[in-house]
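Please take a moment to look over the sequence and the model together before reading on. The paragraphs below lead through a sheet, a helix and some charged pairs.

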Amino acid sequence: MNKLIGGLGFLLLLCMAFTACKQDDSNRHQTVFNINLDEGLTSLDPAFCRNHNTIWMDNQIYNGLVQINDSLKTSPCIAKSWEISADGKIYTFHLRNDVSFQDHARFKNGLGRKVVANDFIYSFSRLIDPKVASSGSWIFSDKVVGKQAFEAVNDSTLRITLKQPFAPFISMLTAQYCSVVPHEVVDFYGKDFRSHPVGTGPFKFKYWKEGEVMVLLKNEKYWEKDSTGHPLPYLDAMRATFIDDKQTSFMEFIKKNLDFFNDIDGSYRDDILTKSGHITQKYKGKFVLQTGPYLNTMYLGMLVDTSLAIVKNSPLRMVKIRQAINYAIDKQKLIKYLRNSLGTPGNEGFVPAGMPGFSESDVKGYSYNPAKSRQLLAQAGYPDGRNMPVITLTTTVAYHNLIEYVQSELERAGIKTKIEVTQGASLREMVAKNGINFFYGSWIADYPDGENYLSLFYSKNKIPFGPNYTGFSNAEFDKLFEQAYHVKSDEERYALYHKMDNIVMSNAPVVVLYYDKRVNLYQNNISGYSLNAQNLLTLKRVRKSVSR
């Protein structure tokens, strides 16, 4: 069966869906936002919200205590206000009293009930429950002492007690993992809650035929309003297809069967974009191209922990070799010719452009300097790369061309590499086991705070306890990382982040290739879309004009 589901079948589906909804104006054209999720969808349970498609869909169905705006500032959501104790350990949230779960048969008379503090205790306790095995357990597991850390003072007051201060905690709560769910529905469905979601968000679940189509409908009881007092959302429904081929889905966008398209694949990037990143004459005026910073650092990682057997004889154990690799790559040329200018050369630190506190002046990374690269190779005992062992660089099929470019740049400096290509899942598994000396990777922000990136270099986050994939360890870095927990001022914390990032860069366990850019395409009749550096799809303020 075609994954675009037959037009007649979908029309019948929507007719049944809309009939079930009370419309204020029966003559009004229904507006459906069409999207394709090329990487599929594994779950609609926020406890398993681990990839961007799941994050996008959960952002429509659920709410949390707080949310982020397009400036990446944390703002109220179900919590209308909060206080933090003087010691930074106790967070007290005051909840709105007009937020209800979406209607469901498991509630009395099938009507969604009001959200209370105990609902958050239930939802957060699920995240740290080993029986649930949530991929979001890290949100709380190392920050609280069991479920007793969550306390309902009363129905509208929630208290969370941390083991120690953690300044980015409020920012972390914007993650979709922290959405509120109703115990009545979750307990009834168990693991099948993944396909029977109920939240408080602007859209409610209607239909999902896995791998083919999913439909969300407007939640007419949604609590949020726009600045004029008009209820959100404006759209009547959202429809998702699951075409896994990017070129096929792009053609559906061109035929206006899709309202939105995310990212542009390398196989047809030159057809759409000039090398300077502008729309080609062929497509000028046919759709809207929106680009901007994306909190995604694309990098090469190098194992530096000499206690590991595979590192003992690796040239990468030497800091001068790692620095030479950093200087050998012309990132500006990479961005222009392989990314059509969609990205920012990674000449600063690991924390990406677009992140609050990012600084071009205070963090010193590496820019292209082949002479410096050759000098460092000679100092390391390998003049012009002579007698230096060949280094294996592992990547995935999707980034093979980019890594071939890196290989040619290193070859020119005298550094010989062999490329090994593997599947994404296999690469992630090997990296997570410290099984690869030199690998291509990326880190997308879980929440908009530099701590999320710097945690990859904290020694206590070494495998298997955390995401320190390079095995980096530095006492001064660790001291600053722990000190940042206690700093309340953002500016003071950012200054510590800059110091940590500089330590990482001087030791060079990574090569920061580039900071990614958000690339979104919208049809010309779409407005009100969100523009944020997390590339978070937010549809509650989106409008779709329909010609009569």
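In which sense do strand 9 and strand 10 pair, and over how many bridges? Strand 9 (residues 213-218) and strand 10 (residues 237-241) pair in the antiparallel sense, over 5 bridges, where strands are DSSP runs of E with at least two residues and helices are runs of H or I with at least four, numbered from the N terminus, and where two strands pair if DSSP finds at least two bridges between them. One such link joins Leu-217 to its bridge partner in strand 10, Ala-237.

This is a predicted model, in which local features need pLDDT of at least 70 and side-chain atom pairs count only at pLDDT 80 or more, while totals for chains, interfaces and linings use all residues. Residues are numbered from 1 along each chain as its sequence is written, and side-chain values use heavy atoms, with hydrogens and water left out.

The two strands belong to an open sheet of 4 strands, which has the order 1-10-9-8 and mixed pairing. Strand 1 (32-36) and strand 8 (203-209) stand at the edges with a single partner strand each, so one side of each is left without a neighbour in the sheet.

Turning to helix 9 (residues 331-338), its buried residues are Lys-331, Leu-334 and Ile-335; buried means under 20% relative accessible area, exposed over 50%, and partly exposed in between, with a 1.4 Å probe and protein chains only. These residues cover an arc of only 95° around the axis (taken from the directions from the helix axis to the C-beta atoms), which puts them on the same side of helix 9. Just after helix 9, Asn-340 takes a positive phi of about 50°.

Side chains of opposite charge can pair when their charged atoms come close. A search of the whole structure finds 22 salt bridges, each being a side-chain nitrogen of Lys or Arg within 4 Å of a carboxyl oxygen of Asp or Glu. One of them joins Asp-259 and Lys-544, with the closest N and O atoms 3.0 Å apart. Asp-259 lies in the loop between helix 6 (246-254) and strand 11 (260-262), and Lys-544 in strand 19 (residues 543-544), so the pair ties together parts that are 285 residues apart in sequence. Both Asp-259 and Lys-544 are buried.

Another salt bridge joins Glu-409 to Arg-412, the closest N and O atoms being 2.1 Å apart, and both residues lie in helix 11, 3 residues apart, about one turn of the helix. Glu-409 counts as buried at 2% relative accessibility, whereas Arg-412 counts as exposed at 54%.
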